[in-house]
Amino acid sequence: MTPKRPNGAGAFPKPVESPAPTPPDPSELYAALDLGTNSCRMLIAQPKGSQFHVIDSFSKSVQLGAGLESTGKLSRASMARTIQALRICQQKLKRHKVKRMRLVATEACRRAGNGAGFMKQIQRETGLTLDIIKPEEEARLAVISCAPLVSTKTEQLLVVDIGGGSTELVWIDLSSVPNHERPKAIMRLHAGFHTQGSPFAAAKVVDWISVPLGVATLRDQFNDVDDDSARFALMSWYFEEHLAEFAPYKDEQTREGFQIVGTSGTVTTVAASHLGLKRYDRNKVDGLRMTSDQIDKVIHTYLKLGPLGRRRDPRIGQDRQALIMSGSAILQALLRCWPTDQLSVADRGLREGLLYAQMSADGVLEDGVY
């Protein structure tokens, strides 16, 4: 079971990953499924106080976006892999008799010419109904999933979700929110980025952007560059060029009172490397804070290792060695723009945001009005 957070560490404890001790009542269960460019992932959970117990989970690399950059369509092979994974999800939902659920697809299906048709195929072959969500909702869900990690001392917050096909950035001004209310103010954004008429002090979304470059799509842009270091540098500067329209890009940001929360496999892998873990441990990674210098050191180590060394690294592995460099290029571009002593690592994301949003809307979470 996840250890309790120390007093004052935030308004929300971390989701409890261990199974509930007794069989749950199906009427209390919620499910969230995220079909991304690389992975199909699902959580089934039960509300518990201001958090939730994870009852069952599923995660599978389906590489749905393979070949999308060159063809503009989802391939037959990638759709077949995805259907196979979704059948397993459907069996789990049926076994647990889940009625409340939100099943979504993101960037690969948004961009693919046959994305909408694939949603219909999924419904025919599995009985599951998936929604292709818009970038703003994806960004909003990423933000609320990270609410537990927001410091009460944070006045300016940047939430970054590095996905397979896109990267969402949301800049939030918390300076007018009382310190102890700041994590809760983030959670209230589940209803939308604009909270006019709220009786509570509101978190102000200064700007947000969905960059159509994630770890897979950015890698594919520079597949023809052979030199490892040159490819990394090109990816990083190319990503930064796409930040030009993001309003806070031109503003110099002081480190004091500024926090970045990063949610992605890239950020958690960098954190595991920084800690020197031989085996991934969510309890040590989720909520860890790193400085720009610490992250930069890890990235330089990746470059020194080269492709072969990264494949052999237990924290990276064969499947992720190329993706970790495109993700690191994105991370380095962000830290070049906004150096920080407080990058909080979030081993959470869209699924957790979907669960929090459903539970908040139903009023089943304790310790506050969201």
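What is the mean pLDDT of the protein chain, and what share of its residues reach 70 or more? Hi everyone, let's start there. This is a predicted model, with a mean pLDDT of 88 for the protein chain, and 91% of residues at 70 or more. Please be careful with residues 1-14, though: pLDDT stays under 50 there, and the model has 34 contacts beyond four places in sequence for that stretch. Where pLDDT is low, the predicted coordinates should not be read in detail.

Now, please look at the sheet. Five strands make an open, mixed sheet, in the order β3-β2-β1-β4-β5. At the edges you'll find β3 (51-61) and β5 (131-132); each has a single partner strand, so one side of each has no neighbour in the sheet. Follow β4, residues 100-105, to its pairing with β5: the two run parallel, over two bridges. Ala-105 sits opposite Ile-132 of β5. Packed on this sheet is helix α2, residues 76-96, which touches β1, β2, β3 and β4 and makes about 155° with the direction of β3.

Let's move on to a pair of helices. α11 (residues 292-312) packs against α12 (residues 321-337) at an angle of about 155°, and their axes are 10 Å apart. The two are therefore roughly antiparallel, and α11 passes α12 in a left-handed crossing. Who makes the contact? From α11, the residues include Ile-295, Ile-299, Tyr-302 and Leu-303, while α12 brings Ile-324, Met-325 and Leu-331, among others. Sorted by type, the contact residues are nine nonpolar, four polar and three charged.

Notes. Residues are numbered from 1 along each chain as its sequence is written. This is a predicted model: local features need pLDDT of at least 70, side-chain atom pairs count only at pLDDT 80 or more; totals for chains, interfaces and linings use all residues. Side-chain values use heavy atoms; hydrogens and water are left out. pLDDT is the predictor's confidence in each residue, from 0 to 100. Contact means heavy atoms within 4.5 Å. Axes are lines fitted to C-alpha atoms, for helices over the stretch in contact, and angles run from 0 to 180 degrees between N-to-C directions. Helices (H or I, at least four residues) and strands (E, at least two) are DSSP runs, numbered from the N terminus. Angles under 35 degrees count as roughly parallel, over 145 as roughly antiparallel, 65 to 115 as roughly perpendicular and the rest as oblique. A crossing is left-handed if the near helix is turned anticlockwise from the far one by less than a right angle, and right-handed if clockwise. Ala, Val, Leu, Ile, Met, Phe, Trp, Tyr, Cys and Pro count as nonpolar, Asp, Glu, Lys and Arg as charged, and the others, Gly among them, as polar. Two strands pair if DSSP finds at least two bridges between them.
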